[in-house]
Amino acid sequence: MNVIFLGPPGAGKGTQAQVICARLGIPQISTGDMLRAAIEAKSEIGLKAKTFMDAGQLVPDDVVIALVRERVAAADCVKGFLLDGFPRTVEQARALGSIAKIDRVINISVADDVLVKRLSGRRVCPVCGAPYHVDRLHGATQCTVDGVTLVQRDDDKPETVLNRLQVYHQKTAPLIDYYQKEGLLRTVDGSTGLESVSDAILKALEAAR
Ligand code: AMP
């Protein structure tokens, strides 16, 4: 099954993708993670992407489309894949339509004020990428798995968060309508708690199996 997770930054796409991919036995394809890895590796794509990402802007369509085209052709995608953070523009959705057949689009919906709190309080492990929130760290500063000091993503800084939300509403939210018209969209409330959101997603995916 080929699935897309749609939703604003901070909706929990990455966290839910880990749960759902483990359940379905399909790989999670996060363009954000791929771009961050490219930056880390100081590759040409990484150098090109960094300025856009740090400013909370979208990386140009041709760059991410090429990344996804290559990734979904890999052997581990034969049983399906879950796209987390792609497509983010109508242009990307159109390109994806010619790359793969999509079975279901899950729109994880969360109000803006909740997203701002989630994103600006988010801390991540620089080694394993595990996400934390300052409200639940109770002063702790290290990853419970790796023991390394947690960091704030550059694009989770307050001024960039607002930019990312604006970009989402302008460029990505139109995809809700796009996939609704294709009859693929199911919306779940992303503010009800981790387990109940996972249950709602699994239920929405059941119908597409
Ligand atoms: P994410 O980890 O999904 O929140 O993505 C972090 C940043 O990576 C975004 O703010 C964009 O700058 C960039 N990015 C990730 N996916 C895409 C995409 N599909 N199209 C354009 N830029 C992207």
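**Entry 1: D61 and T89**

I began with the side chain of D61, which makes a polar contact with the side chain of T89 at 3.0 Å. I keep in mind that this is a predicted model. D61 lies in helix 4, and I found it partly exposed, at a relative accessible area of 22%.

Which residues is D61 in contact with, leaving aside its neighbours within four places in sequence? I got T89, E91 and Q92. I also looked up P87, which is 26 residues from D61 along the chain. The C-alpha atoms of D61 and P87 are separated by 9.2 Å.

**Entry 2: salt bridges**

Next I searched the whole structure for salt bridges and found ten. One of them joins R122 and D156, with the closest N and O atoms 2.8 Å apart. What does this pair tie together? R122 sits in strand 5 (residues 122-124), while D156 sits in the loop between helix 7 (134-137) and helix 8 (158-172), so the bridge links parts that are 34 residues apart in sequence.

Buried or exposed, I asked of R122 and of D156? R122 counts as buried at 18% relative accessibility, and D156 is buried too, at 0% relative accessible area. For R122 I checked the cut-off, since buried means under 20%.

D156 has another partner: its side chain meets that of R164 in a salt bridge, 2.8 Å from N to O. Here I noted that both R164 and D156 are buried.

D154 is partly exposed, with a relative accessible area of 43%, and K157 is partly exposed at 30%. A reminder to myself: side chains of opposite charge can pair when their charged atoms come close.

**Entry 3: nonpolar cores**

Then I went after the nonpolar cores. How many residues does the largest one have? I counted 27, and the ones with the most contacts inside the core are I4, F81, L83, V105 and Y179. Strand 1 (2-6), helix 3 (44-54), helix 4 (61-72), strand 3 (81-84), helix 5 (90-97) and helix 9 (174-181) each supply at least two of its residues. Helix 4 gives the largest share, six residues.

Not counting residues up to four places away in sequence, L83 touches V3, I4, F5, I29, V68 and L96. There is also a second, separate core of 21 residues, with A11, V188, V197 and I201 among them.

Which residues of helix 3 are buried? I listed G46, A49 and M53. They cover an arc of only 75° around the axis, so they lie on the same side of helix 3. This made me recall that an α-helix has 3.6 residues a turn, so residues three or four places apart point the same way.

On the other side of helix 3, I found E44, L47 and T51 exposed. What covers the buried residues of helix 3? The cover includes helix 2 (31-40) and helix 8. Just after helix 3, I noticed that G56 takes a positive phi of about 80°.

**Entry 4: T160**

T160 is buried, with a relative accessible area of 7%. What does T160 touch, not counting residues up to four places away in sequence? My list is M53, D54, A55, G56, D154 and D155. M53 is one of the buried residues of helix 3 that I had already noted, and G56 is the residue with the positive phi.

**Entry 5: cysteines**

Last, how many disulfides are there? The count comes to zero. For C21, the closest cysteine sulfur is in C77, 9.9 Å away, which is too far for a bond. C21 counts as buried at 8% relative accessibility.

C143 took a second look, as the nearest cysteine sulfur, that of C125, is 3.7 Å away. A disulfide needs the two sulfur atoms within 2.5 Å, and C143 is in no disulfide. C143 counts as buried as well, at 3% relative accessibility.

Technical notes
Residues are numbered from 1 along each chain as its sequence is written. This is a predicted model: local features need pLDDT of at least 70, side-chain atom pairs count only at pLDDT 80 or more; totals for chains, interfaces and linings use all residues. Side-chain values use heavy atoms; hydrogens and water are left out. A salt bridge is a side-chain nitrogen of Lys or Arg within 4 Å of a carboxyl oxygen of Asp or Glu. Helices (H or I, at least four residues) and strands (E, at least two) are DSSP runs, numbered from the N terminus. Buried means under 20% relative accessible area, exposed over 50%, partly exposed in between (1.4 Å probe, protein chains only). A nonpolar core is a set of buried Ala, Val, Leu, Ile, Met, Phe, Trp, Tyr and Cys residues joined through side-chain atoms within 4.5 Å. Contact means heavy atoms within 4.5 Å. A polar contact is a pair of N or O atoms within 3.5 Å; within protein, one must be able to donate a hydrogen and the other to accept it, and residues adjacent in sequence count only if both atoms are side-chain atoms. The arc is that of the directions from the helix axis to the C-beta atoms.
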